[in-house]
Amino acid sequence: MPERRAVKTVLWFDNDPAMIEPYSAALRDEGYTVTIARSITEANSALESETFDLLILDVMIPTFDDAEEEEFSPEETDCGGETGLAFYRRRRQMLSSANTEVLVITVRLDKAIRDAFIAEGLATERIATKIALRTVDLFLERVREILGD
Amino acid sequence: MPGFSQLEKSLTQNDPSSMIVDLIHRLSRASVFLGSQRALFGRVLIHDRAHLLRHSPTAMFFYNQRAIFFALSGLFLLTNLLYFILTSAAPEVWHSLFALLSAWAIAFCLTLYFHVHFLSTLNNWAEAGIEGDLPPFFRRYFLIDFFVIYSAIVIARLFLSVHLDGLIFLLLANTFVYSAYRGTRKSGFVLVLCGFLFWGLVIFLAAEIWKGDPAHYFRDLSTIIFFGSFVGLFFATIGPITTISDLRAEQEKITQRRLQLLGLFETVLSDPGSTDSSSPRGGSEDSANGDSTLDNDSNKPSPTKRGYFREKATAVLQQLCSPEEPFWYSSACLWLREGHRDRRDLLLPAATYDFEEANDHLNGISPNKGYFDYPDVIILPSLKYRFGNDDRSPAFRKGLDAPAACVPLILRGQRVGVLALYGNPAGPPVHVEDRAFLRSLGFIVANSLEQSQRRHRSAAEAELDNLLRVASLKEVFNSAVMILKRYLVAKGCMVIFREDPNLPQLRIAAQVGFDKDVLGMDYEIGKGETERCAETGNVIRIDDAKRHRKSFDQERLRTLERYHRDAIRSWMAIPIGPPSENYGVIKVVNRDFRCDWFTDDDQRLGENLALRLQVIFQRFMHLRRTEDASREAKQLARKAEIEAKARQNDIMNVTHQLQGPLVSVIGSTTLLKKRYSSQPLRRDLQRLEDHVEDALALCNGTFLSLARATGKELSLGSKDINVFDEAKLLVERLQSTNSRGDLAFEYRREPGFPIIRIDRDLFISVMYTLIHNAMKYAQPRSRVIIECGFEGPSEEPALKLKTLGPCIQLHERDLIFEKFERGYMVKTTGRYHRGVGLGLWVARQLIEEVGGNIRLELSPEHPNLAVFAVRFPHASEGT
């Protein structure tokens, strides 16, 4: 079991780091340790090696190789949006046991996806669009709310 | 309506029974002279050849009356001669007897002398046809009798000194009788002259009697002559009066019967339901040959089919030729005129009764034969006894000593046929009323023929018109070919269809009467007669195909005959439409009814049906073109729809893709504002953020609307918003990003206006569109009012944005909310060309997504004023 540190740690799983750069920078400015995972392999590696206080998960995550492809059933990979959901569904137990909070963000949030995450036990406020959190203040405010800071 | 048998029963109940009437009938029917001979010797020794007089009963009566008078007077004189010889009479008696015998002998000899001339006149009258009931034969006899008696009286008195003045009664009787015979016709010079002579004699005798001894008149023979003449006067005047009266009475009955018959005939010929099932008795050509057009189910002819008229006409002829008096008709033939391309006009037997000769002329006879071309009814008392210079002979039965009549059938001035009637040698005589009767019968038959043809034509047209309701062209072909075959009475019929009038190819679309393999025959313009018909648009009719065989393509004709399994005897091709719009040809071969060529009536009917078929084909072609156009339009519409959807998807994807970077830019600017406290830098960053916010509002609104339009369910947030403040902030932001500093924004809020629960970004997108439009279209230096208030009976919260801008027409009030639509003024005025027409559609889509709505309020009094009212879905508790 990896050791939990005093500084809040954040794992941000998004395939486009340039897009999240200002927000990750803001998190760092606020004292958070931010780890960026661009792929499933990187995310799995990070989660296995370290315990995070917060997982920021994009709904649409790509698969880059056959190994990653095997993570999902064909039905799950049919739609890009469902890969994030499948990823969360597989690691939900592990995240829960590690007390890792989850924030799902996406540019377009389909009602079906949101309902599916809620069905997996995620609270409504843990699912947000990037537009809703477009300013760093709004984003940090939401993170703080989740982490209880 | 009674049938024939009932009518006959009612008509035969009026037979005369009294002896006097019977005697008069006898005297008016046959020569007494001939009858006496037969009675005496059992055979005819001397034939007076005056039997043709029987066709004029009145003339026959007068003829017989004179003969009886001669016989009785001769007998009377002979008796007196014997008596005076035995009693040694005085000289003066002998003088009287001599004068009487001389007068009788002279009159008798003159009668014999003129009898040949009388017979000639009689036969001329008979040959020319009966004209009037009182033929003018007797003037000569009247003059003979008048002058002989007149001379006897005068000579006896002047030269023999005997008084035969009593004969003046006979003179008077002779004048009476002749005057009565002449009837109402002009009396003429002869009667006037005789009248003068008569009255002169009367005055002379009266003067003599006045001067002389009246006892002279009551002595010996003079007495007998006086009283005998008086009695002669009595009977000579009573006889004709009784005869004429009786004949008139009988003629009235006959006339009544004729009228009844005419009525019955008209009903039978024109009424489909009045056939007398007992009447057909053979002799009909139709019955003998069978009629292919009769309904097989009921064995009754249909009024609309060929053969119906013939059946009816045969029944009428049968009744007409019933043997009872007074009708002399015993056999009849109805000839109908038909045109033949090679033999010109012909008369074909259409209906017959007891006229076997028609069977030898089924292919027709010349209409000029015999009396068949007479313009009016002609009645011949005897076919045998005909004289004169006319060298034409009767068409049939020319040696028969029996009456005959030819009744022309005229329709609209055109001769369409002849009804020929024949009598028996021993049958009843003809009557003068026959002419009017037969003329009326001719009209009835002709009109019935026309009715029948019209009914037949109408039925065919109606059946073809029904094809207008048929759903498929194939069904039209199959039904049309059956209809055409039936109504054109062809053994073989085919519809050769030309799908495109501009192309030379034709194909057999349907056929009947040929093997199925005939469908493989090729037709192409320029090849044969069929194609020539289609090419020229003219009917080609060959009535004698054998004679014109060379005009056909030999190989194709042989092929056609092989498929038809019979020789082609007649052939007709009717174009379906003129050359410019020809849809093919109707082709029929071998007529199967009455004659084996297609008649003018068939041709007319065929042309009429072809015209209807053309309309049907045109309709189907039009429908096909319409369906093709509709299908093409649908394909284009589907393609346009697909393209529109692709366009929407493209826009949606673009706006979606743009949102990520725009969000990042906002994130970056807000991060920089947070990191650096320099006011100028923060101001610049804020300006940058505002621009990006505009772009993001635009992208987000468009994306959400298009996503909604494509059926996607998006997850929207729900947050309490002070719409008044948010709108004010948005205006301030837009004023900084848009160069409309000239506009004055005013904000109004009614007290108690609530906090609205709505997705904030959605609200911003809606308001962005409205405010951005206001900034684009508002008049320079005008005011823009943003007003938060309540409206409607339920006091629903609403935000109104009021601007003065280009006039929006009333009918555009809803139109401008449609996708890619803009107002007329905006489209037509170069100044306002920006935009693609999505803004208001996006605003309405968004507000409706959350249960609100947006509408435009216009005022005719202020055409430049536009009020966009946004009604919100939910109000929160707070204000």
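Two strands count as paired if DSSP finds at least two bridges between them. Strands (E, at least two residues) and helices (H or I, at least four) are DSSP runs numbered from the N terminus. The model is predicted: local features need pLDDT of at least 70, side-chain atom pairs count only at pLDDT 80 or more, and totals for chains, interfaces and linings use all residues. Residues are numbered from 1 along each chain as its sequence is written, and chains are lettered from A in the order in which they are written.

**Sheet of chain A**

- Strand S3 (residues 54–58) and strand S4 (residues 101–106) of chain A run parallel and are joined by five bridges.
- Asp58(A) has Ile105(A) in S4(A) as its bridge partner.
- The open sheet has five strands with parallel pairing, ordered S2-S1-S3-S4-S5 in chain A.
- Strand S2 (33–37) and strand S5 (127–129) of chain A are its edges, each pairing on one side only.
- Helix H2 (residues 40–49) of chain A lies across strand S1 (9–13) and S2 of chain A.

**Largest pocket**

- A pocket is an open set of points on a 1 Å grid over the protein atoms alone where a 1.4 Å probe fits, with protein on both sides within 12 Å along at least five of seven lines; lining residues have an atom within 4 Å of a point.
- The largest pocket holds about 1,400 Å³ of space, the volume being that filled by probe spheres set on the points, which are joined across faces, edges and corners.
- Its lining comprises 45 residues, and Gln65(B), Phe69(B), Leu170(B), Gly232(B) and Ala236(B) are the closest to its centre.
- H9(B) supplies the largest share of the lining, twelve residues.

How values were computed: Heavy atoms only, no water. Contact = heavy atoms within 4.5 Å. Axes fitted to C-alpha atoms, helices over the stretch in contact; angles between N-to-C directions.
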